[in-house]
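Here are my notes on this entry, in numbered points. Please read them with the model open.

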Amino acid sequence: MNQTNVMQFLNEVSAKYPQAISFAAGQPSPEFYQNESWANFIKVYEDASPLSSSLLYRYASSSGLINHEIAQFLRNDEGFSVAEQNITLTNGSQEAINLVVMKEVRNDNECVVAIEPFYIGVKEVLEGQQKRLVTLDFAKLCQGGDLSCEAFEQALQEIQSQGISIKLVYINPDFNNPLGFCMSESTRQSLIKLAVKYHFKILEDNPYSHFCYQGKRLPSIYALDNQGVTYHLGSFSKIFCPGLRVGYLVEPATKDHGERRISDYKSATSINTCALAQAVIGGFLIQNDYSFKARMAEINQHYGARKVALVEAVKQSLSPLGVKLYEEVSGGFFQTLELPFEADFEWVEKSAAQYGVIVMPVSFFCVNSTKWKRFVRLSFSYADETTIKEGISRLAKSIESQCSIV
Ligand SMILES: Cc1ncc(COP(=O)(O)O)c(C=O)c1O
């Protein structure tokens, strides 16, 4: 089964068993955005930007309409300054990944490196563009819960020794999808050095960095990069509302010498990101001091409590069955568990049909690795604490039953 079929399979399972509690979707909880006053945000933006407001109902600039507001937001919430012309507004991070790959990977001997398990939308981009993806296994590169840069460098050398030129390394550094893994600051620094040494760019995809429930947020790779080797992608899908389809792409700080810019590729792909949707974000930012910090402080209390509820329920009901927490996370949407058996399609469907619970096997996020077959990703962002507890108790029954079979 290929990855597109995997997603179809999960959608079908969710549609077929609507009563099942789903830990599958990596979505924000609608209660945090459904009562927002969308039209009011547009009005705030229109009132504040009279010059741009007439553009809301026409074709707009390919690089975006709210670049000024995004630059201020990046300064406040991400701690880095960037020229407005280095920002492109995109249809979510998904389109941004597409655009960067289009720009950077051109020839058959060039590749994108990703560390699996990884966000599988990247694989779909590369397949769509018929470009080469090389995956490395996190299980082999991981040391003490972090990426070992020595092991990573060795793997890069092996790729290059096969005559393959590495153009991009895809990294989701904060509370990544699916493992919830967070890369340390020193590893981020080392990665920048490796990018300079091996002449690749880092594709930093960071939609979960705002969801920090314990400790302090780490600086993004882009914020640490004074070498101009990083593309930074952000998204309003998780911190605000996925239906808006607004994200942004920040190009490396250095100048390209006469090369096409990202906005040229954007123009060819979708002309512009919906101006009305951009105005919603623009209005929100204008109304909130160009920052999501206050909003995140409030909703992170809920998500943090959901994560605690999930972990407690797992320890109480699943640990006695031999289930292990894979590195307890301190942020994001996902917690990974290791089961005492392989989580295959049959078991996922049986869990939904007979026990009313849906989980996501981590093998769905892998291309080559077979090391993650016993792992499942549980998203705790969507359901409230009571539903999470009930979901884990259903999962316990499904696991118990499976353990008696295998
Ligand atoms: C790591 C990662 N990158 C990108 C995306 C796509 O997000 P967007 O809605 O911004 O396109 C997702 C969605 O789940 C994701 O998990």
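1. A caveat to begin with. This is a predicted model, and every remark here should be read that way.

2. Start with helix α5, residues 92-104. The helix has 13 residues, which at 1.5 Å a residue should span 18 Å. Its end C-alpha atoms lie 19 Å apart, which agrees with that expectation.

3. Is α5 buried or exposed? Of its 13 residues, 11 are buried, so the helix is largely enclosed by the rest of the structure. The buried set runs from Gly92 through Ser93, Gln94, Glu95, Ala96, Ile97, Asn98, Leu99, Val100 and Val101, and includes Lys103. Glu95 and Lys103 are worth a look in that list.

4. Strand β2 covers residues 87-90. Both of its faces are covered. Ile87 and Leu89 are buried on one side, Thr88 and Thr90 on the other. In a regular strand the side chains alternate between the two faces of the sheet.

5. What does β2 pair with? Its partner is β10, residues 247-250, joined to β2 by 4 bridges. The two strands run antiparallel.

6. Helix α11, residues 262-270, has Ile262, Ser263 and Lys266 buried. Seen down the helix axis, these buried residues fall within an arc of 90 degrees, so they line one face of α11. The general rule is that an α-helix has 3.6 residues a turn, so residues three or four places apart point the same way.

7. Which elements cover that face? Among those covering the buried residues of α11 are β2, α5 and β10. After the helix comes Ile271, with a positive phi near 65 degrees. Please check that residue in the viewer.

8. Now the ligand. There are 14 residues around the ligand, and Gly92, Gln94, Tyr119, Ser235 and Ser237 come nearest. Helix α5 gives the largest share of the shell, 3 residues.

9. What is the make-up of the shell by class? The shell has 10 polar, 3 nonpolar and 1 charged residues.

10. Last, an open sheet of 4 strands. The order is β11-β12-β15-β14, with antiparallel pairing. Its edge strands are β11 (324-326) and β14 (360-361), and each pairs on one side only. Between β11 and β12 (residues 334-338) there are 3 bridges, and these strands run antiparallel. Tyr326 has Thr336 of β12 as its bridge partner.

Technical notes: Residues numbered from 1 in each chain as written. Predicted model: local features only at pLDDT ≥ 70, side-chain atom pairs only at ≥ 80, totals over all residues. Expected span 1.5 Å × (residues − 1). Buried ≥ 20, exposed ≤ 12 C-beta atoms within 10 Å, placed from the backbone. Pairing = 2+ DSSP bridges. Arc of directions from axis to C-beta. Contact = placed C-beta atoms within 7 Å. Near = placed C-beta within 6 Å. Nonpolar A, V, L, I, M, F, W, Y, C, P; charged D, E, K, R; others polar.
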